[in-house]
Amino acid sequence: MERQKIKDILTTDKTGEKSVVKGWVKTKRGSKNVNFIALNDGSTIHNLQVVADTAKFDEELLNQITTGAAISAEGLLEESQGSGQKVEMLAEKIELLGVADPEKFPIQPKKHSLEFLRENAHLRFRTNTFGAVFRIRHAMAFAIHKFFNEKGFYYLHTPIVTASDAEGAGQMFRVTTLDAINPPLTENGQLDLSKDFFGKATNLTVSGQLEGELGALALGEIYTFGPTFRAENSNTTRHLAEFWMIEPEMAFYNLKDNMDLAEEFTKYLIKYALENCKDDLEFLANRLKQEEKNKPQDQRSMELIDKLEFVLNNDFIRITYTEAIDILKRSKPYKKKKFQYPVDWGVDLQSEHERYLVEKHFKCPVILTDYPKEIKAFYMKQNDDNKTVGAMDVLFPQIGEIIGGSQREESLEKLEARMKEMDVPAEELWWYLDTRRFGTVVHSGFGLGFERFVLFVTGMGNIRDVIAFPRTPKNAEF
């Protein structure tokens, strides 16, 4: 008989039929007459109860069915006699597929700290929390491709190994095949990069944007979705050394078109999550409520489902950076000196400022535009005031900036001048400048950090808990 997924059994409420299920034991309880086995195969957060009459099965087999063990069970599906599930299986055959020594298996049916589970990231998928997180992560990845495909965008795979630095940050992981102990040197005693694999200095990419622009200026509308890397020595709940980015680039889009797409995109993803991840979201919402029940009311997070609906059901307010600074300077927290970071024209806004605008002042998502050019990248469209650029940041509740983007500078003359001002070597980006020499057009794009978005949707508090195997300073386990 063919194996059925537990999700399919529970959603169709099949009774009176024989079925085969395979999965991992969550718990086993019972008496000398009957055992109740909670079985999960990862397809749903819900378990199927397998009822085993002890008279039918070998005692040694039943003793080996412990938390973490893998079994196959065949039996009749009947209406459940207990609460919590509609269907249960009356086992006729049970096969032990893989044992789990209860003395050594670390993921026991009790509350574990998230830090402990990070140390056991190879097994944390077995928990309800991480099963829910990674099913939602999958759903969001699928919805991203679905959204862009429906809009006629092309998925472009941009390089992971690159000789350029899109952000100008310089915090990149070097890629080399040179001998670390005896590297080849030039006559001047410098590292001879001509002997390296690519014949020049190369790094892991921090962004696919620059290459994405090349595709957009021929294919019209493209998006990238791939791994990116930042060698920042930052041990915070919001930073990873390896993460995934979604970066659409669109020819003939101005800043307003860019904002419209960002709003449509994020609402599409949230709607997809609410419609397709209901059980997992409800579990995580409950978990968050339990985690914060002892916090004062004003320090608790917004209820998870409410937060998602807050984004979905509100139009995004659009204001300039200058207007935002004025609002912040008139705010009570500013006047009472409750902001930790300064508020002045020219500073990069911090999460506390962004959240005030979203959660307190406007009470809806906000898109900030026209930032000071001194705090933004060289490729952004220079405004006529010569002080600001056509940048945009999308701000969400509780997390602040979720998307950053801009209209790109299409003028070769202005782009070259800005690169010179910022010491960006034009000779290394000759290919990027060529797109402004040959058939330049207005174009725009933005970047969405995938993990940051999954963090928002799941309500988890640490970005390390929404990626399977986090890469952080001094940590590259698994």
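Contact, on this tour, means heavy atoms within 4.5 Å. Keep in mind that the model is predicted.

**Stop 1: T266**

Select T266. T266 sits in helix α6, which covers residues 255-276. Is T266 buried or exposed? T266 has a relative accessible area of 0%, so T266 counts as buried. Now show what surrounds T266. Setting aside neighbours within four places in sequence, T266 is in contact with F316, F396, I403 and F453. The side chain of T266 reaches the backbone oxygen of E263 at 3.2 Å.

**Stop 2: the largest nonpolar core**

F396 leads on to the next stop. Along with M140 and L281, F396 is among the residues with the most contacts inside the largest nonpolar core. That core has 97 residues. Which helix gives the largest share of this core? Select α4, residues 128-150: helix α4 supplies 12 residues. In soluble globular proteins, nonpolar side chains tend to be buried together.

Now select M140. Beyond its neighbours within four places in sequence, M140 is in contact with L269, Y272, A273, F450, F453 and V457. Another core, of 21 residues, lies apart from the largest one. To find this other core, select V25, A73, V87 and I94, which are among its residues.

**Stop 3: helix α14**

F453 touched both T266 and M140. Select its helix, α14, residues 450-458. Why is α14 described as largely enclosed by the rest of the structure? Because eight of its nine residues are buried. Colour them: F450, E451, F453, V454, L455, F456, V457 and T458. K307 lies over the face of F456, at 4.3 Å from the ring centre. Step past the end of the helix. G459 follows α14, and its phi is positive, near 75°.

**Stop 4: W244**

Select W244 in strand β11, residues 242-251. W244 is partly exposed, because its relative accessibility is 30%. Not counting residues up to four places away in sequence, W244 touches R137, F225, G226, P227, L448, G449, F450, E451 and I467. Next, draw a distance from W244 to E292. They are 48 residues apart in sequence and 29 Å apart in space, C-alpha to C-alpha.

**Stop 5: aromatic rings**

Show the rings of the aromatic residues. The count comes to 24 aromatic pairs. Begin with F147 and F148. Their pair is edge-to-face, 5.1 Å centre to centre, with 75° between the planes. F147 is buried, with a relative accessible area of 2%. F148 is buried too, at 0% relative accessibility.

A second pair to select is F469 and F478. These two rings are tilted: 5.8 Å centre to centre and 40° between the planes. F469 is partly exposed, with a relative accessible area of 31%. F478 is partly exposed as well, at 40% relative accessibility.

Now widen the selection around F147 and F148. Ring pairs link F147, F148, F153, Y155, Y223, F265, Y268 and F446 into a cluster. One more ring is worth a look. The charged end of K376 sits over the ring of Y371, 4.3 Å from its centre.

**Stop 6: positive phi angles**

Go back to F478, in the segment after α14. Its phi is near 75°, a positive value in a residue other than glycine.

Then select K363. Where is K363 found? K363 lies in the loop between α11 (351-362) and β13 (366-372). K363 is not a glycine, yet its phi is positive, about 55°. K363 counts as exposed because its relative accessible area is 53%.

**Stop 7: a three-stranded sheet**

Finish with β7, β8 and β9. What is the order of the strands in this open sheet? The order is β7-β9-β8, with antiparallel pairing. The edge strands are β7 (161-162) and β8 (174-175), and each pairs on one side only. Strands of a sheet pair through backbone hydrogen bonds, either parallel or antiparallel. Select β9, residues 202-204, together with β8: these two pair in the antiparallel sense over two bridges. R174 stands opposite N203 in β9.

Terms used. Residues numbered from 1 in each chain as written. Predicted model: local features only at pLDDT ≥ 70, side-chain atom pairs only at ≥ 80, totals over all residues. Heavy atoms only, no water. Pairing = 2+ DSSP bridges. Helix = DSSP H or I, 4+ residues; strand = E, 2+ residues; numbered from the N terminus. Buried < 20%, exposed > 50% of the residue type's maximum accessible area, 1.4 Å probe, protein only. Core = buried A, V, L, I, M, F, W, Y, C linked by side-chain atoms within 4.5 Å. Phe/Tyr/Trp six-rings, centres within 6.5 Å; stacked < 30°, edge-to-face > 60°. Lys NZ or Arg CZ within 6 Å of the ring centre and 35° of its normal. Polar contact = N/O pair within 3.5 Å; in protein donor to acceptor, adjacent residues only side chain to side chain.
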